[in-house]
Amino acid sequence: MNAATSSRPLAGKVALVTGASSGIGEATAAALAVAGANVAAVARRRDRLEALAGKFEEAGGAVLQLVVDVTEPAEIDRIVEKTVSEWGRLDILVNNAGVMLLSPLAEARREDLRHMVELNLTALMDLTRVALPHLRKSQGHIVNIASVAGRVANAGASGYAATKFGVVAFSEAVRREVYSDKVRVTVIEPGLVLTELGDHITNPAMKAGLEQRKTAMEGMLSEDIAAAVLYAVTQPPRVSVNEILIRPTDQER
Ligand code: NDP
């Protein structure tokens, strides 16, 4: 039985997932834990992480709760150190934490633009940098959650698309730096997924527009994206899944 067909293909592996308290990150942390990985779950909401850990501890899985704001640079070092000191290694890094503060640029708040860059891009780059020595050692895997907005730039999403195009570019450049060390890099680009992502939009018209979109089409579920992550990280070592663009069937662009 190879790794991809075993029921616990990630047994013995250690994963670190940011934004694991809701949506895609929570579903991904769950999928990796069910597949046998020990999971370090990173987010700011302690109660949500406790609930996630509780579920997996009951089922015999191991979840390390790391209540952290990843936009704090010192915390980036701390979460990698804690994960490696707890479990001795790091095999899979899932950079998922993000916000989508949609707004036409003329109405955009400066703090929203800065926050998207700091969380979606700067924190992701820095965490990848700090995790890299451990991933080189384990011949590990970096999974970056970008977006369709990292491939298609639409009005109202200039700041968000800039960060997600950045994630796609960063992922490919890093892949070229690490492939010869057998480190794999996957960028996942989801379309509409039904999560809490839109709750933080500060522009009322953009927020209402997203809610309307959610009723006009059948969005994907977080589990659909977690399945794509699991697919990528359970391929044989010779296979490097570089990019998965995944839209709801009903989504045009
Ligand atoms: P959610 O809002 O449900 O999840 C976002 C996660 O990020 C939460 O767990 C949140 O936890 C965490 N987070 C936010 N800020 C911080 C911070 N400063 N430090 C640590 N963690 C933080 O949305 P999604 O699951 O939809 O989003 C996950 C990723 O998927 C994002 O990168 C998003 O851009 C991307 N994506 C989503 C799509 C969608 O349609 N939903 C489509 C394409 C991409 P907490 O608040 O507890 O810190």
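User: How many residues does helix 5 have, and how far does it reach from first C-alpha to last?

Analyst: Helix 5 has 21 residues and reaches 30 Å from its first C-alpha to its last, close to the 30 Å expected at 1.5 Å a residue. The expected span is 1.5 Å times one less than the number of residues. Helices here are DSSP runs of H or I with at least four residues, strands are E runs of at least two, and both are numbered from the N terminus.

User: What kind of model is this, and how are residues numbered?

Analyst: It's a predicted model, so local features need pLDDT of at least 70 and side-chain atom pairs count only at pLDDT 80 or more, while totals for chains, interfaces and linings use all residues. Residues are numbered from 1 along each chain as its sequence is written, and side-chain values use heavy atoms, with hydrogens and water left out.

User: Back to helix 5. Which residues are buried there?

Analyst: Among them are Tyr160, Thr163, Lys164, Phe170 and Val178. Buried means under 20% relative accessible area, exposed is over 50% and partly exposed is in between, with a 1.4 Å probe and protein chains only.

User: And what covers them?

Analyst: The cover for the buried residues of helix 5 includes helix 4 (110–138), strand 5 (141–145) and strand 6 (184–190). The test is contact, that is, heavy atoms within 4.5 Å.

User: How far is a polar side-chain atom of arginine 44 from the ligand's oxygen atom?

Analyst: 2.7 Å for arginine 44. Serine 21 also has a polar side-chain atom 2.8 Å from a ligand oxygen atom. On the nitrogen side, a ligand nitrogen atom is 2.8 Å from a side-chain N or O atom of aspartate 69. A polar contact is a pair of N or O atoms within 3.5 Å; within protein, one must be able to donate a hydrogen and the other to accept it, and residues adjacent in sequence count only if both atoms are side-chain atoms.

User: How much of the ligand's accessible area does the protein cover?

Analyst: The protein covers 96% of the 870 Å² that the ligand has on its own. Those areas come from the Shrake-Rupley method with a 1.4 Å probe; for residues, only the protein chains shown count as cover.

User: Changing topic: what's phi of glutamine 139?

Analyst: Near 50°, a positive value in a residue other than glycine. Glutamine 139 sits in the loop between helix 4 and strand 5, and it counts as partly exposed because its relative accessibility is 49%.

User: What about phi of lysine 182?

Analyst: Lysine 182 has a positive phi too, near 70°. Lysine 182 is in the loop between helix 5 and strand 6 and counts as exposed because its relative accessible area is 54%.

User: Methionine 220, buried or exposed?

Analyst: Buried, at 6% relative accessible area. Methionine 220 lies in the loop between helix 6 (204–216) and helix 7 (222–233). Setting aside neighbours within four places in sequence, its contacts include Pro190, Val193, Ile246 and Pro248.

User: What caps the N-terminal end of helix 6?

Analyst: Asparagine 203, with a side-chain oxygen 3.1 Å from the backbone nitrogen of alanine 205.

User: And valine 233, what does it touch?

Analyst: Not counting residues up to four places away in sequence, valine 233 touches Leu10, Leu32, Ile92, His141 and Val143. Valine 233 is in helix 7, and it is buried, at 8% relative accessible area. Glycine 140 is 93 residues from valine 233 in sequence and 9.1 Å from it in space, C-alpha to C-alpha.
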